[in-house]
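Reader: I would like to learn how to read a few local features of a protein model. Could we take them one after another, with the general idea before the case?

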Amino acid sequence: MHKLSLQSTTHQLLEWTYTSDKSYDDPFNAIVLDVHITAPSGSVWKIPTFWRGALCWSVRFIPTEEGLYHIKTCCSDRRNPSLHHLTGTIEVTRDEKMHTQPQLHLSVSENKHYLQDANQKPFFWLADTWWMGLSNRLSFPKDFKKLTQDRKEKGFSVIQLVAGLFPDMDHFDKRAQNESGLAWEEKYARINPHYFDKADARIAHLVQSGLLPCILGAWGYYIHEMGEKKMKQHWRYIIARWGVYPVVWCIAGEGAMPYYLSTDGPKERDKQIKIWTKIGHYIKKIDPYRHLLTMHPTDSGRTQVSDENVLDFNMLQAGHSGYPSVENAMRLISEDTHINPTMPTIMSEVNYEGIMHDTSAEVQRLTFWTSMLSGAAGFSYGANGLWQVNTQTNPFGASPHGGTWGNTPWDEAMEYQGSKHIALAKKFLENYVWWKITPHQEWISPKETSYNYKAPRVAGIPCQLRIVYFYGPVHPWSEPKYAMENLEEGVRYKAFFFDPRTAQKYPIGIITAKNGQWKVPTLPTFDDWVLVLENTKASLPLAEEENIKRQSFQKSVPLIKNILRKIKQKIFTGL
């Protein structure tokens, strides 16, 4: 093979392929091929390749620096000169139109309480759950693009999907197929690269639409039949295919949950926790892009691994039992935000809209607001019928346990009002420095000591902002029951009610506190409402004000550097 010579601009996706002149009976299992790329700055990237089929392996890379990159391959079969120790270069020029990193590449904030993008802007995680979205149950491009556009327009920021090894089915169930079959051949002999060719288009479309894919490798119980070695191959393949994109990795779905018909649950659970933890460390070791890693749990991601340090942020699941699940969500979030090591907390599954009882739009609003005001850094929504992608002519059908979750088609579930209402809530919170909002139940009386879903949830920023979610008055015909407490002396608040169904505001006026207390007026209607108190001195929405401060500081940096340079010159001149 001739020496590879490529030309590119910064932040352009590159893909090239290596072909072996040497034959193998089982290329996928016989060969491991990595590409070492040295950047102009001297940093080295070790990029895993993915098997294209036949005797071909491809690599994907996005250069971020201008200058000359050097390439060298490393093959597990060192006696194969058509794959091992091949060299090349990439000549990269600057793309003036895209001079920053892709904004969706996430990291954890310095205080470990929220997620942020590549520009260190706080990232509001509002996910939708499409567990089987990479199957042909959601056709591409028509249906997939329709759903993507709807979620993007509403304001969702993340899509949760599983990479072929789906929940609620047995191994090699035909319902897991896409247009090119299943993700693996029978008995997990080898991966099906053509399945991932079709999945590629779906992942790329999400990224191009500005939605962050949260990719789960498999559902937890698959580890028993696949084993650790095959699961590592699976994850290596995922990273090689999609690591080049701005994504978040999730080790597994319900990582510690045994198979639905298991006869030895505790033993299987312990085994799953042990192996999935190893898989998590493996993902961190081989991912050259250092994407964030988490675990989708049965309760808390921390309980699904034996080493919490493998997680960058924690996911919680509170169940699908309606109002009791709301209270469980509050408890899980409150407990998790006080556990070490500190990490952002995401409520990743609770009360899918339309599943069983008490999961309507009203309960979606209740679940979202109580989660966010209890300390969550983000929220994942789900709609029954959409997560399993029912269609009019092809409902998902029975789970292995024999039960059926429901037959609502995905395009009907897409229109559930709850998805609209929580998206309105996200847009409203983004008017403020929402990442600085913390729970303050002491700000309201009477005090509520339990996680009672009927009790108001209170959060905010002292002296700046107070937000209260009222599920509804307990006795609407009586005098107002609640009072705001501990109002700061000398701080004047502008108060209004926010309608969580329409985003309409209902002004109350300027609050005058008496002995630090203010009586909450009657809610506009006998429904759930959000009460907001803003410091009257804030001439701009708090988030906009914070952004202006950040931009002002960034603009001042060159001036400060110039001043320091002149000071140094004077000092040295004086010497």
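Author: We can begin with a helix and what follows it, where helices (H or I, at least four residues) and strands (E, at least two) are DSSP runs numbered from the N terminus. H2 is followed by Gly 155, whose phi is positive, near 120 degrees. This is a predicted model, in which local features need pLDDT of at least 70 and side-chain atom pairs count only at pLDDT 80 or more, while totals for chains, interfaces and linings use all residues. Residues are numbered from 1 along each chain as its sequence is written, and side-chain values use heavy atoms, with hydrogens and water left out.

Reader: What span does helix H2 reach from its first C-alpha to its last?

Author: The expected span of a helix is 1.5 Å times one less than its number of residues. Helix H2 (residues 142–154) has 13 residues and reaches 19 Å, close to the 18 Å expected.

Reader: Which residues of H2 are buried, and why do they line one face of the helix?

Author: Buried means under 20% relative accessible area, exposed over 50%, and partly exposed in between, with a 1.4 Å probe and protein chains only. In H2 the buried residues are Asp 143, Phe 144, Leu 147, Thr 148, Asp 150, Arg 151 and Lys 154. They line one face because, seen down the axis of H2, they fall within an arc of 160 degrees, the arc being that of the directions from the helix axis to the C-beta atoms. On the face turned away from this buried side, H2 carries the exposed residues Lys 142 and Glu 153.

Reader: Against which elements do the buried residues of H2 pack?

Author: Contact means heavy atoms within 4.5 Å. The partners of these buried residues include strand S12 (125–129), strand S13 (158–162), helix H3 (193–208) and helix H9 (417–429).

Reader: Where is phi positive in a residue other than glycine, and is that residue buried or exposed?

Author: Most residues other than glycine have a negative phi, and most peptide bonds are trans. Asn 351 has a positive phi near 45 degrees; it lies in the loop between S18 and H7, and Asn 351 is buried, with a relative accessible area of 0%. His 85, also not a glycine, has a positive phi of about 60 degrees. The place of His 85 is in the loop between strand S7 (67–75) and strand S8 (87–93), and His 85 is partly exposed, with a relative accessible area of 49%.

Reader: Where does Ser 360 lie?

Author: Ser 360 is in the loop between strand S18 (345–350) and H7. Ser 360 is partly exposed, with a relative accessible area of 40%. From Ser 360 to Ala 189 the separation is 171 residues in sequence and 44 Å in space, C-alpha to C-alpha.
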